[in-house]
Amino acid sequence: MLPTTALLLGLTGTALGFHVCQLIADEVSSVTDVYYPGSSSYVADNEHYATSSSQVSKCSVEPGSAEDIGIILGILGKTKTPFGIKGGGHAINQGFSSTTGVQIAMTRFNEVTYDSATQTAVIGAGNIWDDVYELLNTQGVNVVGGRVTGVGVAGLTLGGGYSYLSNQYGLAIDNMVAYELVVPNATVVTVTEENDPDLFFSLKGGFNNYGIITRFTLKAYPQGSVWGGGSSYNASYISAFNAATVKFSSEVTDPKAAMAMTYVYASGQVLLSALMFYDGPTPPDGIFDDFLTIPALTQDVTTRSFFDLINATSVSINAAAGYRAVYNHIPTLEYSESIIEGIFDELNFWGPTLSTHGALSVTYAVEPFLPSLLTHAPAGSSAYPSSRDHVVFPTVVSLEWVSESEDDVFHDAARQTAKKLGVEGESIYPNYAIYDTPVVDMYGEEGMKRMEATRERVDPYSVMLLTGGFKV
């Protein structure tokens, strides 16, 4: 048995790692459990959307109360033990919500409650958006959140949060009313604009630099039936698809309309797809007509509940099959004909090139929003984006493959294509950024100074530097 003094000196290693797990198990209450390799709960706690995002932890912990999280943070801080905090497990960058130390899984923070008096929803950090939408659907309300199935509340919200509803209400962070946060000194605090403006600012885009979020309080809005779904097309209709994409991006001004268009290279061929959304049972004529008139390979576009729409989206990746993945943000100021053609050219280059390295898919997603997107919150109200004077579209490249030995090839490709297509100097979207993106590129110099000062105040002993992610 290692002596307590060795623990407090911060020695590391397998024996110490398991000893820290036992320390946590001994100190927390009965609402929290610690799991070890071999148990099904341990497997679930460590599992991520992509195999490449997962790591083998010494143990996993499912805290059941904010107070127990405080105890856990205290032990991890004293022993200098690396840890990961997993919400939905959708983080693509390895080590951002995974660890070889102690894996904290927020599964038990699954509250979803709506307060009609304040028109807000309190959402636990362990939820995925599917479950949130399903419960809020029964109340006839909605919040600004994820656009496809399986995405976690915590990661999307702490990183910014683009949504089908963003043209109407802004980003997820723009709709934040309060955070319940366990700071590293084990105190449980409610953070609002009024009681701690610097911390509130920093949490809006600043991920896990300040403690562990347990609950989000978001503005809620009335929600009725919506229209939308997905259509896919073969590459012979590329001209019509590109023209429709450019037209929608430049001409549609209805804030209830939203889209995402994807260009995919897989199995030696190009596939085109469009996700269409309208916040109402029937869209006005003209908004989506150009896409609907292209002969589709598959089409699932109809009127339904918001929950049913999200639930109908498919997740392309299959972590159970060992798929690896990387994202990178391509900052884009407009979707002109030349920009779209440039994206298609990159697809036609990287698709065949990466196929020789075992690529399963190469995908570029085009995500247009209205110029008014960032006006739903004041300038300087959030860490991300660094500026609100113009919109930077969250175009993303997504690469999938199988062999770990090819990781560097795919990571380099994601960097190269983003550099070629992206506009230099524009704010990088944290949720799409590759792991080595400089944080100043997301938050800007002034934002970084404010975030750093706030971190030093709430985490003077740098406990949160023991976990992964973009660090300020």
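A: A salt bridge, as used here, pairs a side-chain nitrogen of Lys or Arg with a carboxyl oxygen of Asp or Glu within 4 Å. By this rule, two salt bridges are counted between domain 2 and domain 3.

The model is predicted, so to read it: local features need pLDDT of at least 70, side-chain atom pairs count only at pLDDT 80 or more, and totals for chains, interfaces and linings use all residues. Residues are numbered from 1 along each chain as its sequence is written, and side-chain values use heavy atoms, with hydrogens and water left out.

Start with the domains. Their bounds come from an automatic or database domain assignment. That assignment gives domain 1 (11–105), domain 2 (112–223 + 441–465) and domain 3 (226–434). Between domain 2 and domain 3, the C-alpha centres lie 24 Å apart. Their contact (heavy atoms within 4.5 Å) takes 38 residues from domain 2 and 41 residues from domain 3.

Next, the area. The size of an interface is often given as the accessible area lost when the parts come together. Buried area here is the accessible area (1.4 Å probe) that two parts lose on being put together, summed over both. Domain 2 and domain 3 bury about 3400 Å² between them, and carbon and sulfur atoms give 59% of that. On the domain 2 side, Y162, Y164 and N167 lose the most area to domain 3. Together these three make up 27% of what that side buries.

Now the charged pairs. The salt bridge count comes to 15. One of them joins R388 to D174, with the closest N and O atoms 2.5 Å apart. Another joins R147 to E367, at 2.8 Å between the closest N and O atoms. This second pair links distant parts of the chain, 220 residues apart. R147 sits in the loop between β7 and α6 (153–159), and E367 in the loop between β17 (359–366) and β18 (393–401). Helices (H or I, at least four residues) and strands (E, at least two) are DSSP runs, numbered from the N terminus.

The loop between β17 and β18 also holds P385. The peptide bond from Y384 to P385 is cis, with omega near -10°. S267 is not a glycine, yet has a positive phi of about 55°.

On a 1 Å grid over the protein atoms alone, a cavity is a set of points where a 1.4 Å probe fits but cannot get out; lining residues have an atom within 4 Å of a point. Points are joined across faces, edges and corners, and a volume is the space filled by probe spheres set on them. The whole structure has one cavity of 30 Å³ or more. About 40 Å³ of space lies in the largest cavity. Its lining is Y133, L136, N137, V141, N142, Q223, G224, F306 and F307. Two or more of these residues come from each of α5 (129–137), β7 (141–142) and α11 (306–311). With three residues, α5 gives the most.

By class, this lining has five nonpolar, four polar and no charged residues. Ala, Val, Leu, Ile, Met, Phe, Trp, Tyr, Cys and Pro count as nonpolar, Asp, Glu, Lys and Arg as charged, and the others, Gly among them, as polar.

Conventions. 1 Å grid on protein atoms, 1.4 Å probe; cavity = no way out; pocket = protein on both sides within 12 Å on 5 of 7 lines; lining within 4 Å.
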